[in-house]
Each structure stands twice: as structure tokens, then as C-alpha cells.
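Here is a friendly briefing to read alongside the model. Keep the viewer open as you go through the points.

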Amino acid sequence: MISISKLLCDLDAEGDGLRYDAAEGSSKPQITEEKQRRPVVVWNTTRRCNLYCSHCYAGADLEAGAGEFSTAEAKAFLEQLADYGAPVILFSGGEPLVRDDLVELVDYAADLGLRPVLSSNGTLITPEKAAALRDVGLKYAGISVDGLPERNDEFRGEEGAFDAAVRGIENCLDAGLKTGLRYTITEANAADLEAVVELLADVGLDRFCFYHLDYGGRGADIADLDLSATEKRAAVERLCELTLEYHDRGEEIETLLVGNYADAAFLVEYARETFGEAKAQVVYDHLERNGGDPTGERVADVDYEGNVHLTQFWQGYSLGNVRDRPFGEIWEDESNPLLGALRNREEHLTGRCGDCQYQSICRGGSRLRALADTGDLFAPDPQCYLTDDERRGDGAGSIVGGTAD
Amino acid sequence: MVEKEHRTPIESGNRGNPTPQWELFVRQEAGEPMYHVGSVAAASGAEAHEHASRLFGRDAVDIWCCPAAEVDRYSVRGLASDADDRGSDEPHIDEETADTPRVRES
């Protein structure tokens, strides 16, 4: 996760300690005092969802999945995470609000010292539910909207989903919950991006997370709806401009990018062109501490049956199952050659990722996209949009290695 | 040999999300032991092997793909035994959305 507002506008946020080792000196209360050593864990609490979105990585369905955790199993699982020292548990789905024990489990996670956050489509969040989640210690609600009403509802397979999601956002904000937008950018909705930010900023939202499409679950079926490299670059550039425009007007919105670490290199290039070498160096240093693509390291996923995945998008492969071994034991087991190779991916990257000057802040981008596109785990990410000059540092110069003053 | 603790069965009937899971066992070099390296989701054994080959083929001389639901597992530990004292083992679904879940109107 890359924060445009932090890097370009120096806007502090509670997650900076996790992302940039930047807790010290921040005016915001920080999630951790030290840089995160354990993964944020996404937990698909249920397969069931009241919507049927075309890009769902979890392949969620209207029907419940067999093998979902009971409340007692869920609590034992949360204890595993707390014992291991996971800093954050993201309650996801399916749609987590279809579980009637969600409030109880968020409460239990908070009591164990985990930071509970929520990923939801927002359509089931009533004022009462928002207040209950706030009262038991929920720290953040990320609500998915993927375009203006007509486009969003088509994407999500349900008429009225947009309006219901906005009501959910308003209910969270009214309850005093920190709330943000989750927006997956595709060819179908890239044009709506600015209007959605404007509309939701008007209702009081100030955090906007933009996801690139990854090729897991149903996302693989709509890979042809992914933006081209040129379009992707234009969308990210527009988000940078939008962030600066809002901040210039005194509206401190937080904007973040997820799922394509070519964005990290682009932000360095953008900072150089817009602000000069010194700012580009600061941005680069922050991103180097961030550590690039987090697969198999700083993000983990556990599906509704207990299978542990390298990220939430890697549903096709599991390292093990928490019904068999505790989460921490699975995550630490580097006898698994795939896990070992991913954690030392610099030794294996090939092609344009192999000799890229930005490797230390990108780390090869999405290995899942490379695998889906070529069958080769260490081939270049097909959605890298950097030019050859940028990759080689042949153009305006290179700051890699700290040559800027 | 004396058993240290009592092993109990671990649930393994529902190990597909929703595609069936195949437990993977890999021998990286001839003469080395074979060991477990996780599982893949695949509709058939052939597809599981194809998937596993992409992930482990560069290292492995042998790959076994075993239907996860057919593996009997016994352990002295496990999520279920940790949860045993906590009561109900049924998944919890919100009754308000249990039949035909729809976008809430208010």
C-alpha cells in the first residue's frame, strides 16, 4: 500500500508506522512503534456475500461455503494470530456482515490486542451495526465502491448497491468510525474516478484506496478489462494531481495505491518532475523502507476454510491450513521452497524486472500477474508501465543509491 | 514407541474454496525425503499437477498431488481442539440475510 498523500503532501496517517517506519515524529497516534515485523492478516470470514461482483478475488457467492469457522474456531484462530504477534486483522469476505457473530469476534480480537479493521461492501451497515462495531473497538471500515451508480451496480450485480454503500459509509461516519473507500480501477470505471472522489468527499469521506486489478479469483476472468499500461499510468498520474489539488485547497484527503508497485517508481519520477531531486530522494527513501510488494511477507490471507495464502489474491495456492498447524508456524516455515524464493525474489527476477533500477522499492510487482500471464513466477509483471529510460535511469538521472543531495 | 499425547482427528472434508484442494508433496533432489509444501486449488489431479509444476517445477524431481478431502489427519493439537470448550461448532449466519440476501433498503 502506497500513500500518495504521505509521500507527496507529507500528510501523516495512522498507518505510516506500518508502511514507512515513520511513526516517530508523526502527529498521529501510530499503529506500531517499530516497523512491522509480522503480516497484516486478511481473514475471509465467510464465502457468502449479498452481492456478486465481477472482480471478486475470493470468488464469493450468494451461498455459504462449507467448512467456515464456528465462533469458537474463529476465536481460537484469533488467538493464534495474537500469539504470533500479527498487528492487524482485516475482517473480510465474502461480506463479513452476513456473519451474526461479527461484532463478538471484533470485540474478541480487540481484547487480544489485535487491531481489528473491516472490509465490506457497506450495504448491510446500519446505524446500529456501525455503532456496535465502534463500541467493541473496530478501528477502520473500508467500503467498496467501483464507479458511479450505474457502473457500480452493474459491476456489483445489484441495482441500488451504490446508494446502499453510500448509506453504509454515512452510517460509519456518523458513528465516528474511521472510514475509507476501496476502488478497484478497471477499464470500465477509470473514467468515474474523479467524480466518485468528489461525491464521497462531499459526504465527509477523507480516505481513498485505489486497487489495481490482480488476477486472482474472478479477477482472472476479467483480466481483459484491466487498463493498458498507458491507461494505468494516466490514472495514477491523475490521482497524484487530484491529491495535490485537494491539498492545495486545504482539503486533506488521504489517497493510497494498492496492487502495483510500479506506482512506487512512478511516484519517485513524478516527485522529481514536480518538486525536484531532493523531494524525489525523500520519496524514494520512504518507499525503500516500505519494502515493495508485500506478497508472502507483510500481508497474509486466511480463507474461510482456514487455508493460508500469500496474499488475499493468491487463492489458488495455500501454504497450509490453520486447522492443521498454527498460523505463525505456517508463515515462518521457509522450508517451503516457494515461500523462500518469494522472500528472496531479487535473486530470481528476470527480464525488465531483473535489471530495473527500482527493484528495491518495487521488488518485481505482482508475481501473481506474472504467473497468470506467462506461467513463469519470476517473469516481468505484465502491468509494469515504466519506460525503459525510467527503469535504467537513463533520462533525467537516477537517485537510486542516494546520488541526490 | 510411546505416544506422548492423545491425537484426535482433524476435520478435512471441506477443503475447497470452492475448487477442490490438492495437498502437494515435493522431492526436490533424488535421494532426499519428500515433504509437504501446501496445497493448490484445482478441478482435477492433472490440473493440480500443472499448477504445482508452475510453482515448484523448477526445483522438484517428484510431485505428488493428493485430494485434500481424502487425507485423514490426526494431531495432538489443532484449531478444533483449541475451540472445543467454546460450544457451538456451527457457522454463524445472520438470520436477517439468511434466505435471499439483498441490499438493505434503509
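Predicted model: local features only at pLDDT ≥ 70, side-chain atom pairs only at ≥ 80, totals over all residues.

Residues are numbered from 1 along each chain as its sequence is written, chains are lettered from A and ligands numbered from 1 in the order in which they are written, and side-chain values use heavy atoms, with hydrogens and water left out.

**Chain A overall**

- Chain A holds 17 helices and twelve strands, taken as DSSP runs numbered from the N terminus (helices H or I, at least four residues; strands E, at least two).
- Of the 405 residues in chain A, 64% are buried, meaning under 20% relative accessible area with a 1.4 Å probe and protein chains only.
- Contacts (heavy atoms within 4.5 Å) between residues at least 6 apart in sequence join residues at least 24 apart in 69% of cases in chain A.

**The nonpolar core**

- A nonpolar core is a set of buried Ala, Val, Leu, Ile, Met, Phe, Trp, Tyr and Cys residues joined through side-chain atoms within 4.5 Å.
- The largest such core has 128 residues, and the members touching the most others are Phe77(A), Ile89(A), Phe91(A), Tyr317(A) and Phe327(A).
- Helix H10 (residues 262-275) of chain A gives this core its largest share, eight residues.
- Beyond four places in sequence, the contacts of Ile89(A) include Val41(A), Trp43(A), Phe77(A), Leu114(A) and Val117(A).

**Helix H3 of chain A**

- Helix H3 (residues 71-84) of chain A has 14 residues and should span 20 Å at 1.5 Å a residue, which agrees with the 20 Å between its end C-alpha atoms; the expected span is 1.5 Å times one less than the number of residues.
- Eleven of the 14 residues of H3(A) are buried, so the helix is largely enclosed by the rest of the structure.
- Among those buried residues are Glu73(A), Lys75(A), Phe77(A) and Tyr84(A).
- The packing partners of the buried residues of H3(A) include strand E3 (88-92) and helix H4 (102-111) of chain A, and also helix H2 (79-83) of chain B.

**The interface with chain B**

- In chain A, 63 residues are in contact with 46 residues of chain B.
- The two chains bury about 4300 Å² between them, 52% of it on carbon and sulfur atoms; buried area is the accessible area (1.4 Å probe) that two parts lose on being put together, summed over both.
- Arg48(A), Arg323(A) and Asp324(A) supply 13% of the area that chain A buries against chain B, more than any other three residues.
- Three salt bridges cross the interface of chain A and chain B, each a side-chain nitrogen of Lys or Arg within 4 Å of a carboxyl oxygen of Asp or Glu.
- Arg73(B) and Asp324(A) form a salt bridge through their side chains (3.0 Å, N to O).
- H3(A) gives the most to the side of chain A that touches chain B, with eight residues.

**Thr243(A)**

- Thr243(A) sits in helix H9 (residues 229-248) of chain A and is buried, at a relative accessible area of 0%.
- Not counting residues up to four places away in sequence, Thr243(A) touches Ile4(A), Ser5(A), Cys9(A) and Thr255(A).
- A polar atom of the Thr243(A) side chain lies 2.7 Å from the backbone oxygen of Leu239(A).

Note on methods: Buried < 20%, exposed > 50% of the residue type's maximum accessible area, 1.4 Å probe, protein only. Polar contact = N/O pair within 3.5 Å; in protein donor to acceptor, adjacent residues only side chain to side chain.
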